[in-house]
Amino acid sequence: MYYEMIGFHGEAQDEPLTDEIECPDLSKATLFLDLDGTLVDLAPTPDGIQVAPDLGELLGLLYERTEGRTVIISGRAIEDAAQYLQGFGGPMIGGHGAQERLVDGTIKRHELADETTVQRLGDMADSFAATHPGLLCERKPTGVVLHFRKDESLAAPAYAFLRALSETHRGFDLHHSKMAYELRPAGIGKDVSMRKMMQQDGFAGTRPIFFGDDVTDEPALQWVAAQGGIAVKIGEGETAAQARLEDPSSARRTLRRWTQKEH
Ligand SMILES: [Mg+2]
């Protein structure tokens with residue numbers, strides 16, 4: 001404990017990792033940032049996350065430095081993610097790409113996310129979770145998630161249940177993420193949304209940067225790396241990213257350092 005406090009352990013070790021990442025010219029970049037596990041530590045339940053008090057201010061600075069091209073890209077619904085990011089008015093992509101918040105604040109929903117089907121899938125997953133204490137059902141405007149973080153022995157039944165739903169509801173794919181399984185419309189992904197956004201006026205021609213932590217972030221990390229951008233994996237696990245940071249606090253430190261550097 002003492003060693004941790006004075007920095008011989010943990011904090012001291014991630015500094016060299018942090019320094020491996022070059023400081024990009026933010027005025028020529030588009031910065032995509034995942035939220036959970038990337039900017040904010042994961043918690044036992046999705047609504048249990050603790051947001052660093054200076055996160056909103058940091059995002060505001062990044063938004064200025066990138067001239068409006070700092071984008072929060074999350075698996076959460078935009079309405080949900082936004083409540084943790086008070087003060088950030090920039091673009092957001094939610095539901096892994098199923099929703100997009102434009103700069104004027106309006107939220108666009110992907111046409112693939114059929115409302116009636118999403119409702120029905122949510123009702124069924126809710127009932128399933130109700131009979132399996134330890135499973136948490138998270139309903140999204142575009143899909144549904146079963147979290148088994150509280151009881152890992154429920155991973156298999158949660159998978160089997162959603163797998164069956166994905167087979168009986170065409171157009172919805174099953175995805176595995178950290179301690180959770182999720183159903184979301186096929187053809188949706190962070191990488192798909194990123195490509196689309198990078199073609200828009202004001203974004204085209206800039207260098208993509210992406211910070212992500214989850215297996216579901218891999219296609220986007222791979223795409224960013226292939227564009228000559230900067231792909232940064234947060235935490236452990238195999239990755240296509242060229243750089244890695246230990247945890248959300250080292251990610252925030254790195255981003256803070258970038259805002260302080262003049263080009
Ligand atoms: Mg994440």
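At 35% relative accessibility, Asp-54 counts as partly exposed, a class that lies between buried (under 20% relative accessible area) and exposed (over 50%), with a 1.4 Å probe and protein chains only. This is a predicted model, in which local features need pLDDT of at least 70 and side-chain atom pairs count only at pLDDT 80 or more, while totals for chains, interfaces and linings use all residues. Residues are numbered from 1 along each chain as its sequence is written, and side-chain values use heavy atoms, with hydrogens and water left out.

**Salt bridges**

A search of the whole structure finds 14 salt bridges, each being a side-chain nitrogen of Lys or Arg within 4 Å of a carboxyl oxygen of Asp or Glu. Side chains of opposite charge can pair when their charged atoms come close. Three of these pairs are set out here.

| Salt bridge | N to O distance |
|---|---|
| Asp-54 and Arg-256 | 3.2 Å |
| Arg-207 and Glu-22 | 3.4 Å |
| Lys-190 and Asp-217 | 2.8 Å |

Helices (H or I, at least four residues) and strands (E, at least two) are DSSP runs, numbered from the N terminus.

Arg-207 is partly exposed, with a relative accessible area of 28%, and Glu-22 is also partly exposed, at 43%. By contrast, Lys-190 and Asp-217 are both buried, and together with Asp-34 they are linked in a network of salt bridges.

**A buried arginine**

Is Arg-76 buried or exposed? Its relative accessibility is 5%, so Arg-76 counts as buried, and it is found in the loop between strand S2 (70–73) and helix H4 (78–82). Its side chain makes polar contacts (a pair of N or O atoms within 3.5 Å; within protein, one must be able to donate a hydrogen and the other to accept it, and residues adjacent in sequence count only if both atoms are side-chain atoms) with the side chains of Asp-36, at 2.8 Å, and Asp-80, at 3.0 Å.

**The sheet**

Eight strands form an open sheet with mixed pairing, in the order S5-S4-S3-S2-S1-S10-S11-S12, where two strands pair if DSSP finds at least two bridges between them. Strand S5 (107–109) and strand S12 (243–245) stand at the edges, each with a single partner strand, so one side of each is left without a neighbour in the sheet. Strand S4 (residues 99–101) runs antiparallel to S5 and is joined to S5 by three bridges, and Gln-99 has Arg-109 as its bridge partner in S5.
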